[in-house]
Amino acid sequence: MRITVKLFATFRDGRQKIYDMDLPEVTTVQNIISSLGIEKSEVAILLINGRDGDFDKELVEGDTVSLFPPVGGG
Amino acid sequence: MYGYIGKVLRINLKQKSVNVESLDLENAKKFIGGRGLGTKLFMDEVDPKVDALSAENKLFIVAGPLTGTNVPTGGRYMVVTKSPLSNTIASSNSGGFWGAELKAAGYDVIIIEDKADEPVYITIEDDKVEIKDAARLWGKVVSEVTDELKNEMPEKSRILTIGPGGEKLSRMASIMNDYERAAGRSGVGAVMGSKNLKAIAVKGSGKAQVFDEEKLKEVNSECLKKIKENGVTGAGLPTYGTAVLVNIINENGVFPTNNFQTSVFEKADDISGETMAKDYLLKKSPCYRCPIACGRIVKIEDMGLEVGGPEYETLWAFGSDCGVSDIVAIFKANYYCNEYGLDTISVGATIAAAMELYQKGYIKEEELEGLSLEFGNADAVVEWTKKIGKGEGLGAKMAEGSYRLCEQYGVPELSMSVKKLELPAYDPRGIMGHGLQYATSNRGGCHVRGYMISPEILALPEKLDRFTLEGKAQWVKTFQDLTAVIDSLGLCLFTSFAMDASMYTAAYNAVCGTEHTAETLLEAGERIYNLERLFNIASGIDPKEDTLPKRLLEDPIPDGPSKGNVHRLSELLPEYYTLRGWGEDGIPEAERLSKLGL
């Protein structure tokens, strides 16, 4: 299945901004961050299709995963 | 006396008189300082019904008890007056170094009364205070005035000034200090301009006394540790500035685009903090004793400039809200706002409203004098900013702010504002608590009176579901009360990403010898919030104005991750009023006021 993964802020250091991944069925966000070398504890905000996501949720075809380290402002 | 200096500088511009008065310490402690004390002084001295641009309005420039101390970020001051934009209380906060210098010169408060017959400026060197002829400065932009006065004053003086925007009484005019820091919102620059006051230059040699130096060292090191360890204040903000929000707010589908007609912007990454840091950032620009240093200096190559870079709100206002993805055009619009002394949020949002007026046929081609008002036109945001600053043509109408502009065309509902203050960069249709905060903020459409983005989007101090209503009214109240405390102490709101109420309490007690608990300090915040509310009601603001633009209550977001949502304000407001101890009509009731000592 096709999954889009978007990285932001320091997660882009040494990585791409965006990945179009072709992944097997039964893939979770945890699998994706492991493949990118990102620790779960580094992820402050995880969105799946713009909504609050879960590391263990099984993704479905066409999902977009957005990952952020701690960020803020105002 | 600890923390406070104990002195109020009262300057009457008509009489050209300067008087130093004692600060009523009991009053000061009850309302902390800054925003709270300024509001109390206003209520004691001025009828809230006053015409904001008349000589009878007064300008209260107030430092906090922690301003000028070693507490991290303790350099802030507050301008309190009646807003010519919203007719509500205006309390506009600024960083930089000017506020700390005011304390060093030996004052907690400056009260500016009446109106000078001709343009003047004020110089303060400790107890030497003079009112001088500003004819040569009038009409000049902020950097010119600042350079001139820095040359005239002793080394390391700090300059606060208005630009041409304030002189021409734009209701979006800001008061600028240290070149690029702004008491930005609510049109406080127009109040200063209406008094024919161009600038206040200050140099001080003293310092406020601290009650318990040893304890303060301990507290400061704890504060610094928390700030450094926190991912937002220790890494996110220092690396990217506030601009880091562009992508996250857009990814959530709450990044208002084309005057809130939608809330996802395809080209958000082009105007993001990541792009700014990678391609344009020259260096950081920290305020007084700030370990966060979110301020940016960027280059504008084709103008040969190295200037203050835009904040997140500015990138949004001139960017997606106007459909613009050219980051350099935004740098330029930001630069002209800083030079003309204009609020970037209100100016960008007003240009966006004008673009929609044009799109819908209300503004006609012949009014444009050859300029474009098409969404997405990058030159347009730069050129219209200049027109607003100079008060020329349609720019003069726009200088009145988006509400009055849209009202002139018979469609005030196209102004995305609350109480006539333009909303900032978050679509409340997808962030329920934040929408309640917009509706109930005492100065109108403002994000920094209770920054609910923190729990609803950024997961600080914990993650709340942004679409649910449960518990949100209580969160908003607590955030509003805590923010009133921080604004009154003289610290930066960004510390609250890392620090909790107990740490502010410890810092205040160490500096001033007060015996607050976190609860009593939050109660002081609630007292301040209620006093501001009383100001607004006395000014004639109907609590029915605790609302949002019709679009945000009735038209669902048309696409993106927050598609299909409107803001459910009517389900939140009654609970909020109850928690505040206000009646169903939104009027504070005697019982709560009495409990708060009001």
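Are Phe494(B) and Phe497(B) buried or exposed? In this predicted model, Phe494(B) is buried, and Phe497(B) is buried as well.

Over all chains, 19 aromatic pairs are present in the structure. In one of them, the ring centres of Tyr426(B) and Tyr451(B) are 5.8 Å apart and the planes stand at 75°, so the arrangement is edge-to-face. Tyr426(B) is placed in the loop between β17 (421–422) and α17 (432–440) of chain B, whereas Tyr451(B) is placed in the loop between α17 and α18 (453–456) of chain B; the pair therefore ties together parts that are 25 residues apart in sequence. Tyr426(B) has a relative accessible area of 0% and is buried. Tyr451(B), at a relative accessible area of 7%, is likewise buried. A further aromatic pair, formed by Phe494(B) and Phe497(B), is tilted, with 5.9 Å from centre to centre and 35° between the planes.

Charged side chains were examined next. The structure contains 50 salt bridges over all chains. Among them, Glu45(B) and Arg10(B) are joined through their side chains at 2.7 Å, N to O. Because Glu45(B) lies in helix α2 (residues 34–45) of chain B and Arg10(B) in strand β1 (residues 7–12) of chain B, this pair ties together parts that are 35 residues apart in sequence. The two partners fall into separate accessibility classes: Glu45(B) is partly exposed at 29% relative accessibility, whereas Arg10(B) is buried at 15%. Both residues also take part in a network of salt bridges with shared partners, which joins Arg10(B), Glu21(B), Glu45(B), Lys58(B) and Glu113(B).

Another salt bridge connects the side chains of Arg158(B) and Asp178(B), with an N to O distance of 3.5 Å. Distant parts of the chain are linked by this pair, given that Arg158(B) is in strand β9 (residues 158–161) of chain B and Asp178(B) is in the loop between β10 (175–177) and β11 (181–183) of chain B, 20 residues apart. Asp178(B) is buried, its relative accessible area being 13%.

A salt bridge is also formed within a single helix. The side chains of Glu214(B) and Lys217(B) meet at 3.8 Å, N to O. Both residues lie in helix α7 (residues 213–229) of chain B and are 3 residues apart, so about one helical turn separates them. Glu214(B) is exposed, with a relative accessible area of 56%, and Lys217(B) is exposed at 57% relative accessibility.

On the surface, Glu584(B), Asp585(B), Glu589(B) and Glu591(B) gather in a patch of negative charge. Of these residues, Glu589(B) is located in the loop between α23 (569–580) and α24 (590–595) of chain B. Glu589(B) has a relative accessible area of 44% and is therefore partly exposed.

In chain A, Arg2(A) forms part of strand β1 (residues 2–7). Arg2(A) counts as partly exposed, at 43% relative accessibility. The C-alpha atoms of Arg2(A) and Val60(A) are 8.3 Å apart in space, while the two residues are 58 residues apart in sequence.

Key. Residues are numbered from 1 along each chain as its sequence is written. Chains are lettered from A and ligands numbered from 1 in the order in which they are written. This is a predicted model: local features need pLDDT of at least 70, side-chain atom pairs count only at pLDDT 80 or more; totals for chains, interfaces and linings use all residues. Side-chain values use heavy atoms; hydrogens and water are left out. Patches are made of residues with over 30% relative accessible area and no salt bridge: like charges are joined within 9 Å, nonpolar side chains (Val, Leu, Ile, Met, Phe, Trp, Tyr) within 5 Å. Accessible areas come from the Shrake-Rupley method with a 1.4 Å probe; for residues, only the protein chains shown count as cover. A salt bridge is a side-chain nitrogen of Lys or Arg within 4 Å of a carboxyl oxygen of Asp or Glu. Lys and Arg count as positive and Asp and Glu as negative; His and the chain ends are not counted. The place of a charge is taken as NZ of Lys, CZ of Arg, CG of Asp or CD of Glu. Helices (H or I, at least four residues) and strands (E, at least two) are DSSP runs, numbered from the N terminus. Buried means under 20% relative accessible area, exposed over 50%, partly exposed in between (1.4 Å probe, protein chains only). Rings of Phe, Tyr and Trp (its six-membered ring) pair if their centres lie within 6.5 Å; planes under 30 degrees apart count as stacked, over 60 as edge-to-face and the rest as tilted.
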